[in-house]
Amino acid sequence: MSNQGSYKLWLGATALLALLALGAWIYQLTNGLGVTGMNNVVSWGLYITLFMFFVGLSAGGLIVSSSATIFNIPAFKAIAKPGVILSTVSIILAALFIVVDVGSPARLYNLLLHPQLNSPLMWDVIVILIYLVINIIYLYLMTRPVPDEKKLKIVSRFAFPTAILVHSVTAWIFGLIIAREGWHSALMAPIFVASALTSGLALLIISLLLLNRYTQFKTDQKLITSCAGLLATCIAIDAFFVFSEVLTLFYPGRESTLHILSIMFSGSTAFLFWLEIILGIVLPFTILVFYRNREKTGLVAVSAILVIIGVFCKRAWLLLTSFLQLNISGSPGVMFGRHLPYVDSAVFPNSWVAQGSYLPTIVEIVIAVGLVSFGMFLFTVFARKMLLKQLITSKVAGQDQSLASEH
Amino acid sequence: MARLGMVIDLKRCIGCNTCVIACKMQNNVPMGMSWTRVISEGSEELDGAVGEYPFLNKTYIPIACQHCENAPCVKACPVGATSKDDKGRVVVDYDRCIGCRYCMAACPYNARMFNWQKATRVPDFNYGDQAVPLRKVGIVEKCTMCKERTDLGLEPLCVEVCPAKARTFGDLDDPNSEVSRLIREQNAEQLLKEKGTRPQIYYIR
């Protein structure tokens, strides 16, 4: 079948992009993180944005699939498996984005040798490892020829809170930091969980639609419609949190927070903020709030894609805005961190910066695109192994009831 | 046990940047990086003043690591590479740092520098104190309050070279020390006091 050809082409293309990223990473390792756009003022960039983004996608996927068993929503059981595959792949990607962000990855073993339990980053390492293990166990149990419902129930009871926790801890990496005005908020964890649900659900919908289109794994239109309804609810919760946060920053009228808001509303991260509000919240919500639109595959797909773009933008403005402004203002500011040898040797005009700036470089983009492609590669392989193979075997065995009963 | 600290008299600071250069020399700090800096407070230009003519005001503030008692960077470091040492200094273990830069995000004073690239030095050799360890690419570094000098009982180089004698170094735990006296008598203040980091660097305005 021609499917086989396009399947191989797809795998080849994603693998190629992943290899390019590997090359770019080796280049980054040999030359230092100076090849990225990060600097002493904006010391985190695209990698950490994508780290947060993928932790969110992962948590969202698992929350939906484990709630099938926890809250006993039988309809969701049909999509539990693709949900857990997505979640596993996403958390692997999140971990990889930390590896490429770290300046001395060869020393990562220090995380095991000298864990410092005061650090939210350490908490995250622990929670992500536990979470990955739970994902793998969950996946293993689900893909048994005859899944043990009892065991699945037990694991899902651990999976659900861990999924909430993994994203809360990621939020606390930022929320507990007093140095950055825009991060230091108790609402950070709820905001992160809300956008995790939103983006995770959106990604799940997109994956289901793609599986529907290109494979034999079919999901009922009704189920997609109810997922879309859930998505609309999540978008509303997300919007509510963002509004509360912005209002709390705005109302007291303190100079430092007003400055952050002005960067967000009309400054250098404004395009990210408004893209999130319009693409991530207003448009998809207006589409999905109407039941009739939720029945149209095309509109649901468009909304899901918009939501994912929106949540990505949200991660980016959340991270970057608070870096841009120095807490103690004054010229010349801070040393940028790079020596620029080809500038006039007597004067180094770009060595000092009084305000942060950041733009990802080609190296960062190649690594980011490559890692995301690697994720798509993994998802494709896993989906084929775990969704389709079993589908075929179960059909051969004449047990297509279990999977087809949802149709 | 001691709690080493510093008092900087802003009325004395003339913004000459001698401390900046001395620090760079002593600690072998490469191009594009500086552990200490002198900013013109609130101004957008170097040596700029703030206010409306003729009521102008110009304050230079030398800023480096504040060696906070409640140091956010120490809490943030996932591997304990940043810690408070027995003399109350915040120090970085260059052999343990994994380069995650969480401490940089956690520092309210932007006092930390990352080795983004292979160090370039002008002149092209390792200068400064031989006892100061070299730092490799991919780790964080910052002011150590001249650990290598203060361990020998010397003052940090920025204190020693200041031509205006704006900087005073000493033990904050000793009520009879010059720093303790200045803080007491001159109402010395800490930077970004509201963040609750309890810096061990004090400023007299």
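A salt bridge is a side-chain nitrogen of Lys or Arg within 4 Å of a carboxyl oxygen of Asp or Glu. In this predicted model, Glu181(A) and Lys195(B) meet that way through their side chains (3.5 Å, N to O). The rule finds two salt bridges across the interface of chain B and chain A.

Now for the ground rules. This is a predicted model, with local features needing pLDDT of at least 70 and side-chain atom pairs counting only at pLDDT 80 or more, while totals for chains, interfaces and linings use all residues. Residues are numbered from 1 along each chain as its sequence is written, chains are lettered from A in the order in which they are written, and side-chain values use heavy atoms, with hydrogens and water left out.

Here is the interface in numbers.

| Item | Value |
|---|---|
| Residues of chain B in contact (heavy atoms within 4.5 Å) | 52 residues |
| Residues of chain A in contact | 53 residues |
| Area buried between chain B and chain A (accessible area lost, 1.4 Å probe, summed over both) | about 4200 Å² |

Carbon and sulfur atoms give 57% of that buried area.

What about the strands? β2(B) (a strand is a DSSP run of E, at least two residues) covers residues 37-41. The largest share of the side of chain B that touches chain A, five residues, comes from β2(B). Strand β1 of chain A (residues 330-331) runs antiparallel to β2(B), and two bridges join them; DSSP has to find at least two bridges for strands to pair.

Technical notes: Buried area is the accessible area (1.4 Å probe) that two parts lose on being put together, summed over both. Helices (H or I, at least four residues) and strands (E, at least two) are DSSP runs, numbered from the N terminus.
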